[in-house]
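Here is a friendly walk through one protein model. Take a look at the structure first, and then we'll go through it piece by piece.

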Amino acid sequence: MSAQILITGGTGLVGQGIKYAIETEPVNSHFGKRDGEEWIFIGSSEADLRNKGQTEKLFEKYQPTHVIHLAARVGGVFANMARKLDFLRDNLLINDNVLHTAHEFKVKKVISCLSTCVYPDKVEYPLDETKIHLGLPHESNFGYSHAKRLVDIQSRAYKEQFGDNFTSAIPTSVFGPHDNFDLESAHVLPALIHRCYLSKTNNTPFVVWGSGKAQRQFIYSRDLAKLFVWMLHSYDSVEPLILSVGEDEEITIKQAADAVVKAVGFKGEYQFDTTKSDGQFLKPATNKKLLGLLKDTDFRFTPFDRALMRWCNGSYKTTWMLGQASRSSDGHGFKAILTSQMP
Ligand SMILES: NC(=O)c1ccc[n+]([C@@H]2O[C@H](COP(=O)([O-])OP(=O)(O)OC[C@H]3O[C@@H](n4cnc5c(N)ncnc54)[C@H](OP(=O)(O)O)[C@@H]3O)[C@@H](O)[C@H]2O)c1
């Protein structure tokens, strides 16, 4: 049967991971496309999803039967702290336009994307799928968090009122090819890599923002991608699903920085700036529900160090312009940073 699968945010970190899975996983396998499916990856140049008219035109053009909705204003803790209203409004508009247009076009299934960042600041750990709304989010990203939480509420409302098959995935911190290395808006790992590289190049101390004690669960974008493809074919509940490595694989920012120092080959002085925020201190999430559902598959997570090395040592095709918000065309921005400095 033919299916048109539209990926909003398809040009970003997670979207490009899914594109890679579609291009490389065996057809009709648990993590690959199926016969008769067309996967369409779009970015903001095709439609500004904050605009309802542009969103409708997009749906008219592609007539999607399924949507993986990733498009969002996304950023690290410092970008979130600086622009709470932008994170709130842009994400509210994008999500409402995509979900309502999907409803109007009778889309058979929508998977939207939440994040473990949106969970309550004060909550009993580990995080699981039942705890999203049990308290206020961390104040550093309350705009993003409230907008994202509403995706779950809205999906449930479409399900209850109209029977729509809308659900949400909840990834932990993602990294991999096509990540954003812009120091103003990057998430922690690409920001660490970029700063460490600048320290190596300029022979200055490598300063890690925060105490280094905060903990994060990182998932490699290419692992996450396989889980999204599997979820599209095999998961039909409105209840959100956490897509994450195990809670025992949570690592400190210091451990992540150590791995970055090793990958970059930095040998200089290395320190922590404790005047900078740690963001939410820890947020271990359990993947018990996910593992139960995956038990009949051969899915395995890529170990963190191996995924980091694979990402950092990938080839590159375009030049990284230091200081500009840019990604290399094949997503291996780190290698591109290194090469851009070479004569
Ligand atoms: N990165 C993480 O650590 C993480 C963790 C948990 C959850 N998530 C969620 O995963 C999803 C994807 O994140 P990501 O890291 O892949 O983000 P990303 O790399 O920043 O990509 C964002 C995507 O959204 C698109 N977009 C942004 N504003 C748009 C607009 N107004 N109209 C249309 N498209 C727009 C971008 O298009 P352009 O390329 O054209 O700008 C891009 O394709 C998001 O929903 C995010 O909340 C991410």
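Gln63 sits in the loop that runs between helix H2 (52–62) and strand S3 (66–69). Helices here are DSSP runs of H or I with at least four residues, strands are runs of E with at least two, and both are numbered from the N terminus. The phi angle of Gln63 is near 45 degrees, a positive value in a residue other than glycine.

Before going further, two notes on the ground rules. This is a predicted model, in which local features need pLDDT of at least 70, side-chain atom pairs count only at pLDDT 80 or more, and totals for chains, interfaces and linings use all residues. Residues are numbered from 1 along each chain as its sequence is written.

Another loop worth a look lies between strand S4 (109–113) and H5, and Pro126 is found there. Tyr125 and Pro126 are joined by a cis peptide bond, with omega about 0 degrees.

Now for the helix pairs. Axes are lines fitted to C-alpha atoms, for helices over the stretch in contact, and angles run from 0 to 180 degrees between N-to-C directions.

| Helix pair | Axes come within | Crossing angle |
|---|---|---|
| H4 (residues 84–104) and H5 (residues 142–162) | 8 Å | roughly 20 degrees |
| H2 and H4 | 10 Å | roughly 40 degrees |

The crossing of roughly 20 degrees makes H4 roughly parallel to H5, while the one of roughly 40 degrees makes H2 oblique to H4. For these words, angles under 35 degrees count as roughly parallel, over 145 as roughly antiparallel, 65 to 115 as roughly perpendicular and the rest as oblique.

H4 and H5 cross in a right-handed way, and H2 passes H4 in a right-handed crossing. A crossing is right-handed if the near helix is turned clockwise from the far one by less than a right angle, and left-handed if anticlockwise.

Who touches whom? Residues are in contact if their C-beta atoms, placed from the backbone, lie within 7 Å. On the H2 side of its contact with H4 you'll find Lys52, Thr55, Glu56 and Phe59, and they meet Asn97, Val98 and Thr101 of H4. By class, that contact has 2 nonpolar, 3 polar and 2 charged residues. Ala, Val, Leu, Ile, Met, Phe, Trp, Tyr, Cys and Pro count as nonpolar, Asp, Glu, Lys and Arg as charged, and the others, Gly among them, as polar.

Where H4 meets H5, the H4 residues include Phe87, Leu88 and Leu92, and those of H5 include Tyr144, Ala147 and Val151. This contact has 12 nonpolar, 6 polar and 2 charged residues.

Next comes the ligand. Of the 27 residues around it, Gly9, Gly12, Gly43, Ser44 and Ser115 come nearest; a residue counts as near if its C-beta atom, placed from the backbone, lies within 6 Å. Helix H1 (13–24) and S6 each give two or more residues to this shell, and the largest share, 3 residues, comes from H1. The shell divides into 12 nonpolar, 12 polar and 3 charged residues.

Finally, step back to the whole chain. The domain assignment, which is automatic or from a database, gives domain 1 (3–175 + 217–247) and domain 2 (188–216 + 248–283 + 305–340). Their centres, taken over C-alpha atoms, are 26 Å apart. Across the boundary, 19 residues of domain 1 are in contact with 14 residues of domain 2.

Terms used. Contact = placed C-beta atoms within 7 Å.
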